[in-house]
Amino acid sequence: MSESAAPHDFQYADTQHQAQTAIAGMWLFLATEVLFFGGLILAWIYCRHWNQAGFDAGARATELWIGTLNTFILVTSSFAYATGLAFIRVGSTRGLIRCCLVTAALGLTFLGLKFGLEWHDDFANHVFPNISDFKIKGPEQGGARLFFVFYFISTGLHGLHLVGGIGLVTWIILRARRGEFTPQYHTPVHVVGLYWSFVDIVWLTLYPLIYLIGRG
Amino acid sequence: MSTTVVKAGEIEGSYLTDGTTIRSWLLTTDHKRIALLYLGSITFFFFIGGIAAALVRLNLVVPEGLLNSAETYNRLFTMHGVIMVWFFLVPAVPVTLGNFVIPLMLGARDLAFPRLNLASWYLFIAGGALALWALFLGGSDTGWTFYTPLSTSYSQGHVVLMVAGIFLSGFSSIATGLNFMVSIHRLRAPGLTWYRMPVFLWSLYSLSVLMVLATPVLAITLLLVALERIFQIGAFDPAVGGDPLLFQHMFWFYSHPAVYIMILPGFGVISEIVPTFSRKRIFGYKFIVWASVSIAVISFFVWGHHMFVSGMSLYAGVVFSILSYMVAVPSAIKVFNWLGTMHKGFIHFDAPMLYALGFIGLFTIGGVTGLWLAALGADVDLTQTYFVVAHFHYVMVGGMVSAFFGGLHYWWPKITGRMYPEMWARVAAMIMFMGFNLTFFPQFILGYLGMPRRYSSYPPEFQVLNVLSSAGATILASAYLLPLGYLVWSLFRGARAPANPWHATGLEWQTSSPPPTVNFVHTPVVTQGPYEYPPPEPVQQHV
């Protein structure tokens, strides 16, 4: 690696060329993610269409307050990260690191609430879909089981993406501590931010599907 | 990266000699070396899949089935399908020839994301290892399509492991497609406008769109299948209100575009070979490139033609049928344009051109029989018969595998710096063509006469045609072994290749054979279209 302030790999003309390419790559990756979660949500809506009563019963068995609190936490984390990006644009590495720490802490809080508390409650409430003493009985049982199939798969996948995001934010913190980012060069900060916001948006799609639709 | 001192020459100082340790290969980020890593891997999988095919054909020599076990037979054709589709056909041309040639054609020093490129190879190897592991444990009997509820409830095989392998190799595809798309957008040499790009680049761009947007749907579908198999409950389970047809829709939403993922790079290869060996500009350049793009777009909307008999409303069937006819139009445009390119050309019958000619004929037969299957009435009779098997293999083996071998011979001097033995290559191409037709043409007749696919036994009146098909398969197998022999021989004893042995246009022929690690010591400047004859003299890459 060159020791100049703005390094770039040998296939690029200059730093700006590399930065724009990296950002384009992340956008395209997010497009694949849209199709990945899109397939899941398509199946979800299709199955809900045929099993409305069961899915409604399932939605009523979810814990609205945790989901709502987590929504606020995740949106705030994206705000914190975006603030960090604004800090590094004016050259404040310290500001970037602090914002990243807040972002990662909020992400961990989300995971703690989601998997430590909510999944724990779900198991205690007998809503894991394939157990014999499933909580919801009667004609809604099949649909409600299916609802919780989607609930566990989607929150699990979203959680895995969030774990990856926290890893990436940690990586940004470590690089920032080494002083690698400047107002001229902070492409990784930008790229990780795109990913983090995407994981946030996935949650904003899952939140109404899990907690709101059919609850009333 | 600080400036690297590059010694470029005929062999010394090429990418092949820039580091000779195993580590320098396994941790390389050079697109050319990664292409060779992939070439070794897919060759291995091709022969694994080929062995399975050989055993399938062996079983069908006698009506009651030589293996005498339907279960074993089911596992064999599943293994053949899974390995050939995901570990050979889908990656074949893009990750080997594409990986090698794209940056050279772009006048770039590498792909946009070299480390992602290496990671995609490791994902591919990890996925392949899982699939092989499933195979050694006994495989799976679901067919390559993993239809539910067979795959989720009733199959005795190792479905989860095999699905996990395909899942990983899918992410390898996504990484490759993403890398190609971004590279073609961002790394074109000065003056290389979109309409000055070789058709190969347009084809690989189109297939990358499919890889990037269709593969994730397969990933989530297979994940749902695996979880449903593990927990015995899921979206495809009618007992709780799920729907097995939903699986088929989601599976074919990927798997129909996937056949274009497999054939589009073939179109690209043929579009390079035909002008080169006709010494003539390609006919109707813009029509060919937009045909690739429209194939990519339309192919997303034709998946329903796989499901005409599995429970679909008549109106949906009519729409999918019409859309399937539409996708034939751009494919036909390509065939006519290749013929137009050859018309009044100065044709040289070197081995790549023989493969290209084989491709055009066999692909046309495969494509036209596809129209029979797209017709609602005919499909009801022909689907689930050997007619479908023959159609698919005419496109995939007669078409795609011919294109792969054509491209491999065409770029072999560039890749290795050695010429392959021309006489042997022509012989292999001819035997391959004959062996192929003997194997698969009888299957059209078998299907037309009503022999169902995927059965380990058949009524005795079909035996003659089946024996012909199996005899053809042995010829085909020997034709595949020939290149393995003479290409390896040429690595050591082949004549040294000049920079541009075919007098081809295209930037990849402007650098040395084999190219230096940085491809071009001085970034080339493009001033004309992709197929302008005569080509300029190659630039010596000595520093």
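**Close-up views of a predicted model**

**Figure 1. Chain A is built from helices.** Chain A has six helices and zero strands. The model shown is predicted. Reading from the N terminus, the elements of chain A follow the order α-α-α-α-α-α. The C-alpha trace of chain A spans about 70 × 30 × 25 Å along its principal axes. Of the 216 residues in chain A, 38% are buried. Take the contacts in chain A between residues at least 6 apart in sequence: 76% of them join residues at least 24 apart.

**Figure 2. Chain A meets chain B.** Here 30 residues of chain A are in contact with 35 residues of chain B. Two helices of chain A, α1 (15-50) and α5 (141-177), each supply at least two residues of the side that touches chain B. Helix α1(A) gives the largest share of that side, with 15 residues. Sorted by class, the side of chain A that touches chain B holds 17 nonpolar, 11 polar and two charged residues.

**Figure 3. Helices α5(A) and α6(A) pack together.** Two packed helices are described by the angle between their axes and the distance between the axes. For α5(A) and α6(A), residues 187-212 of chain A in the latter case, the angle is about 160 degrees and the axes are 10 Å apart. An angle over 145 degrees counts as roughly antiparallel, so α5(A) is roughly antiparallel to α6(A). The crossing of α5(A) past α6(A) is left-handed.

**Figure 4. The residues between α5(A) and α6(A).** Look along α5(A) for the residues that meet α6(A), among them A:Y151, A:H158, A:L162, A:G165, A:V169 and A:R175. On α6(A), the residues that meet α5(A) include A:P188, A:V192, A:W196, A:V199, A:W203 and A:I210. By class, the residues of this contact of α5(A) with α6(A) divide into 15 nonpolar, four polar and one charged.

**Figure 5. The largest nonpolar core.** This core has 216 residues. Which residues have the most contacts inside it? They are B:V163 and B:M400. Helix α8 of chain B, residues 199-231, supplies the largest share of this core, 22 residues.

Figure 6. Leave out residues up to four places away in sequence, and B:V163 touches B:F146, B:L222, B:V225 and B:A226.

Technical notes:
Residues numbered from 1 in each chain as written. Chains lettered and ligands numbered in written order. Predicted model: local features only at pLDDT ≥ 70, side-chain atom pairs only at ≥ 80, totals over all residues. Helix = DSSP H or I, 4+ residues; strand = E, 2+ residues; numbered from the N terminus. Buried ≥ 20, exposed ≤ 12 C-beta atoms within 10 Å, placed from the backbone. Contact = placed C-beta atoms within 7 Å. Nonpolar A, V, L, I, M, F, W, Y, C, P; charged D, E, K, R; others polar. Core = buried A, V, L, I, M, F, W, Y, C linked by C-beta atoms within 7 Å. Axes fitted to C-alpha atoms, helices over the stretch in contact; angles between N-to-C directions. Parallel < 35°, antiparallel > 145°, perpendicular 65-115°, else oblique. Left-handed = near helix turned anticlockwise from the far one by under 90°.
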